[in-house]
Amino acid sequence: MTNALEISDLVMHFGPVRAVDGVSLTIPRGGVTALVGESGSGKSTVGKCVVRLLKPTSGTVRIGGVDVTSLTRRQLRPHRSTVSIVFQDPAGSLDPRMLVGDVVAEPLRLSSSRISRAERQRRVDESLGQVGLRSEVARRYPHELSGGQRQRVSIARALISKPSLLIADEPTSALDVSVQASVLNLLADLQRDIGFACLFITHNLSAVEYLADEIAVMYLGQLMEKGTRSQIFSGPAHPYTQALLAAAPVADPVAQRARTPVLLGDDLPSALDPPSGCRFRTRCPLAFDKCATEVPPHVKIGNGEAACHLVQADGTRPDVRAGVKQ
Ligand code: SF4
C-alpha cells in the first residue's frame, strides 16, 4: 500500500538561508507523525513544501504515491483535495470579508470537480457539524466568533475536501490555554474517526504525547531523531530530544520537581551560517572535537534513527542529564 506522505531529502533554501537541509520522512496511510522543534527549526517550511505553498529547492514530496514536487499549478489542481493545511493563527488565515459558509466551501470551489449548490450546502453543514459547530455559524463572519471557534472553522475548511493527509501547523499555539486542549482533542477524535494521515507540526513535545504514532525532531533544518512515540518518550537517544523532554512541563508536581533541567544555553544559531559538523554542537552539553568536524550519520535504533556521534546501533546512547554515556 502506498504511503500517505513520503518526503525524500527535502531541501529548501531561501537565498543563503538553509531553512531545510535534507529532511526525509514517511507517514503511512492513517498515521500521525509529529514534527517537533523550536521556532526557526524549519518545521513549518517542511509543511509549506508539502502543500506546495513553497516549491522545494530539491528533494521530492510524494502524496499518496504521486510526486507533486515539480507539478505546475494546473497539474497540481486534481491533487489539491488530497492534502489540506490548518495554520497556527485562525484570525490570519480566514478572510474577514467572507461568510463562514463561503470560507468552509472554498476548497470545493478550487477543486476540479463541479458540485451543485445543494450538495455544497450539505457538505458545509456536514463539515461544521464534524467540528462541533452549528450550521447557523455559516451565516456569520469570522470576527463574530471566538478564537477557538475560528480554529474549528479552519479545520472544517481543511476537511471539507476529504483529504487523505492533513498538515496541522501549530494549530493550537495561538489560542487561549483554556481552549487549546479542546481543539487538540477535536483533532485527535476527527483523525481517529475519519482516518486521515496527519503531519502535526509543533514546538511543544508534550502536546503530541497522546496524538502522534511517530515523532520526528528537527533542529536547524535537519532531523536529529525519529522514532515511535513510546521510543521517544521513554528512551530518547539524541541529546537534543532529551533536552526538549527535560524542558517540557509535566502535570505531576512531584515528578516535575524531581526532573533535572538541561540548559541549552544560547539561542538557536542562524540558518544563514549553521555550525559545521553536528548542527546542535554549539548548544550540546556533550559536544566533543569530532562534533565540529564530522556530520553525524543517522544511526538506526529500533524503529527509528538518531544523528549523533554518541549513538550506536547496539543501543549505546548518551544521557545529557548525567553528562556521560550509559
Ligand atoms: Fe552533541 Fe556531538 Fe551528538 Fe551532536 S554529535 S548531539 S554535538 S554529542
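Does Asp 21 count as buried or exposed, and at what relative accessibility? In this predicted model, Asp 21 counts as buried, because its relative accessibility is 14% and the cut-off for buried is under 20%.

**Salt bridges**

The whole structure holds 13 salt bridges. One of them pairs Asp 21 with Arg 279. This pair links distant parts of the chain, 258 residues apart. Asp 21 sits in strand E2 (residues 17-27). Arg 279 lies in the loop between helix H10 (253-258) and helix H11 (289-293). Arg 279 is buried, at a relative accessible area of 4%.

Arg 283 and Glu 38 form another salt bridge. They too come from distant parts of the chain, 245 residues apart. Arg 283 is in the loop between H10 and H11. Glu 38 is in the loop between strand E3 (32-36) and H1. Arg 283 counts as buried at 7%, whereas Glu 38 counts as partly exposed at 22%.

Asp 189 and Arg 192 also meet in a salt bridge. Both belong to helix H7 (residues 177-194); they are three residues apart, so about one helical turn separates them. Asp 189 is partly exposed at 34%. Arg 192 is exposed at 58%. Elsewhere, shared partners join Arg 18, Asp 21 and Arg 279 into one network of salt bridges.

| Salt bridge | N to O distance |
|---|---|
| Asp 21 with Arg 279 | 2.5 Å |
| Arg 283 with Glu 38 | 3.0 Å |
| Asp 189 with Arg 192 | 3.2 Å |

**Helix H1**

Helix H1 spans residues 43-50. Six of its eight residues are buried, so the rest of the structure largely encloses the helix. Among the buried residues are Lys 43, Thr 45 and Cys 49. Arg 52 follows H1 and has a positive phi, near 60 degrees.

Terms used:
Residues are numbered from 1 along each chain as its sequence is written. This is a predicted model: local features need pLDDT of at least 70, side-chain atom pairs count only at pLDDT 80 or more; totals for chains, interfaces and linings use all residues. Side-chain values use heavy atoms; hydrogens and water are left out. Buried means under 20% relative accessible area, exposed over 50%, partly exposed in between (1.4 Å probe, protein chains only). Helices (H or I, at least four residues) and strands (E, at least two) are DSSP runs, numbered from the N terminus. A salt bridge is a side-chain nitrogen of Lys or Arg within 4 Å of a carboxyl oxygen of Asp or Glu.
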